[in-house]
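Here is a short briefing to read alongside the structure. Take a look at the display, then follow the points below.

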Amino acid sequence: MTGIRVALAGNPNVGKTTLFNALTGSRQHVGNWPGVTVEKKTGRINRSGHAIEVIDLPGTYSLTACSADEVVARDYILEERPDVVVQVVDATNLERNLYLTTQIAELGVPVVIALNMADAAEAGGCAIDRERLSALLAIPVVRTVGIRGEGLDDLLDAAVREAETPPHHEHTVGYRNDVEAMIASLVGVLEADKDLAERYPLRWLAARLLEGDENALAKVRESPVSPRVQALLSTIDPDECEAAMADRRYDVIAAVLPQVRTAGARGMNVSEMVDRVVTDRYLGIPIFLALMWGTFELTFAVAAPFVALIEAGLARLSAAVAGSIGPAWLASLVGDGIIGGVGSVLVFVPNIFILFLILSFLEDTGYLARAAFIMDRLMYAIGLPGKAFIPMLIGFGCNVPGIMAARTIEGERDRLITILVNPFISCSARLPVYILFAGAFFGAAAGVVVFLLYVLGIAAAIGSAKLFRHTILPGESSPFIMEMPPYRLPTAGTSLLHTWSRGVMYVRKAGTIILAGALVLWCLASFPFGVEYGSSASLAGALGHLLEPLVAPLGFDWKIAVALLFGFVAKEVVVGSLGVLYGAGEEGDALSTAFLADPGLSAATALALMVFVLLYTPCLATIATIRKETGSWKWAGFSVAYGLVLAWLLALIVGRIAPSFIGGA
Amino acid sequence: MGAVCPLALLAAGTEATIADVRAGKGMRLRLAGLGLCPDARVRVQCADRGSLIVSVGDARYALSRGIAMKILVKEAA
């Protein structure tokens, strides 16, 4: 069996990951916005005696990489030398996609074109002559429809064939005569460096040197032929060369296109019409806010009956446990520890699923890119490009992918700021805390309270970004360029798949990290032997009293202090911990009833607590991601400290001023 | 053939041909990858906020005003 490595490359948002999933049976995240994939993913398949390794690369518009995810794609093709590159091409946008083709072909690797979204192009009345395209480019062209899995066999066959055929021709763009002459002399000089000649295709390297590509210049700097290269380069104007070469690439494409494509009638399409409305100067922001508000209202309203159902089930379960388990300590472990801790988190599964369903829907339709555009002016005012809004929106689901999505941002400082403010975007793990407290203390107004918390999170992110921009990370924001993908109607399958895979993660977390947290806390609440469970004489009580002075000004008692400490692991644990400490599982009392009965808890305190949970220390997974993405513990530590201080201050303010609005305290 | 002016100054619905891109090297290469290079035909789709949406071929991009000021265009006759 021979191994073949197939790299999927192409422009952003052309359906590489969808094709990857269809080929390998994986379930990688896909969405309708450029930059969903920021890291390369690998999958394996066996096919007619070949072990095929498929590598899904982040999208790139050209191989002159400028953002972190584009560098990943280029370096992979260049340094790892896959056996064949499958360029996934959006059939509805041939011209721009072929520009990348001309660059990939120059790298000297075998290429196969997957003409993807062929159905959409055909529906638009656009016919593409695949055979002619293939003949003109000297590259095999296969028709695929990623979401329906059409053309996969043909694609794999073509890829295997290309990988096994020794390269017999260079299918590259021929540049202007003087440029070609220059490339030839550069190749002549470069050939003397055997090491370089072995690692890189020299024609490609020469072309990049002519363009003045920094990365290429760095590659030859150490070489013994460097002085001669420099001497040659000093005779030309790299800017002029680069313009001439880009021109030539588009000339070639312009010559090919009319021969292969019969364009359909182009009128005002649906995407443009929708955009007229949602990006309108006056309507844009109200529509965005209305969508967000609707999201949280739905998250509450639709989930409510399911939540009630699960609560009733858990109540029965704990009643059965209390009645049937012999030793009192075991009954307490199962009832208070496991059902109280994990159960109080599981109750919110319906809310989480619905939130994810709506977020997936917004992501799959293509609205996300518009939201970034609408927010660009606001983002510009705080010193970030509009693109930085997308990681924030992703953060509503979970901050970890949100922070990773920041890789699509070009400027290093812009990226750092985007990463540091992401934890303030209220992720789904915080939702159970809000639902619990808002539901208990604010009744019918709970939806509004939760919405306001999300708005506060965005405000904290924006305010902090502005602060960082003016203090520790000064500079201009890099300019905003972003593709607006056409709107697509999400298929029920993909939306449900997203929702399912993210929802399952939540449940899994409840079964692992939250279970562990609940058990540790149960032990702390039960020991030393003989103390009343969860009383202030227990270890948990001692720990809580130790921390209490720190949070007392905010109106929090020792139980909340312990819950917040454990919430450091994951924010749902705050709910789980309170479930354990209030022993809510025991008599089947809902946790909210227990809160209302606690004289130490008022609506104002609940509000302050929600604000604190929103802003304080990100969870462990987020901190680890910040560490990874910024490459330093310094920033991760900064994020922890800054979050704590901000949370403490804002919770204090909210706790003090809230009573005058809602009465009571 | 109309006069040359920055893309940012065009009104929504206007079509034009790019004459020159007066930006740094990195930005120019990037824009070329998107199809925003001399001789490309662009159409301004939305220009009533700070940034604008332009279409080039079959693609549409949101551009900040700063970049749009650096792209010089000739309005279609």
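The notes below cover the nonpolar cores, the aromatic contacts and the interface between the chains.

This is a predicted model.

**Nonpolar cores**
- The largest nonpolar core has 131 residues, and those touching the most other members are A:Phe437, A:Phe441, A:Phe556, A:Leu578, A:Phe595 and A:Met610.
- Another core, of 63 residues, lies apart from it and includes A:Ile128, A:Val173, A:Met182 and A:Ala206.

**Aromatic contacts**
- One aromatic cluster is formed by A:Phe424, A:Phe468, A:Trp635, A:Phe638 and A:Tyr642.
- Within helix 31 (residues 633-662) of chain A, A:Trp635 and A:Phe638 sit three residues apart, about one turn of the helix.
- The ring centres of A:Trp635 and A:Phe638 are 5.8 Å apart and the planes are at 85°, so this pair is edge-to-face.
- A:Trp635 is buried, at a relative accessible area of 15%, while A:Phe638 is partly exposed, at 27%.
- Elsewhere, A:Arg370 lies over the face of A:Tyr487, 4.0 Å from the ring centre.

**Interface of chains A and B**
- On the chain B side 30 residues are in contact with 43 residues of chain A.
- A:Glu272 and B:Arg43 form a salt bridge, with their closest N and O atoms 3.0 Å apart.

Notes. Residues numbered from 1 in each chain as written. Chains lettered and ligands numbered in written order. Predicted model: local features only at pLDDT ≥ 70, side-chain atom pairs only at ≥ 80, totals over all residues. Heavy atoms only, no water. Core = buried A, V, L, I, M, F, W, Y, C linked by side-chain atoms within 4.5 Å. Buried < 20%, exposed > 50% of the residue type's maximum accessible area, 1.4 Å probe, protein only. Phe/Tyr/Trp six-rings, centres within 6.5 Å; stacked < 30°, edge-to-face > 60°. Helix = DSSP H or I, 4+ residues; strand = E, 2+ residues; numbered from the N terminus. Lys NZ or Arg CZ within 6 Å of the ring centre and 35° of its normal. Contact = heavy atoms within 4.5 Å. Salt bridge = Lys/Arg side-chain N within 4 Å of Asp/Glu carboxyl O.
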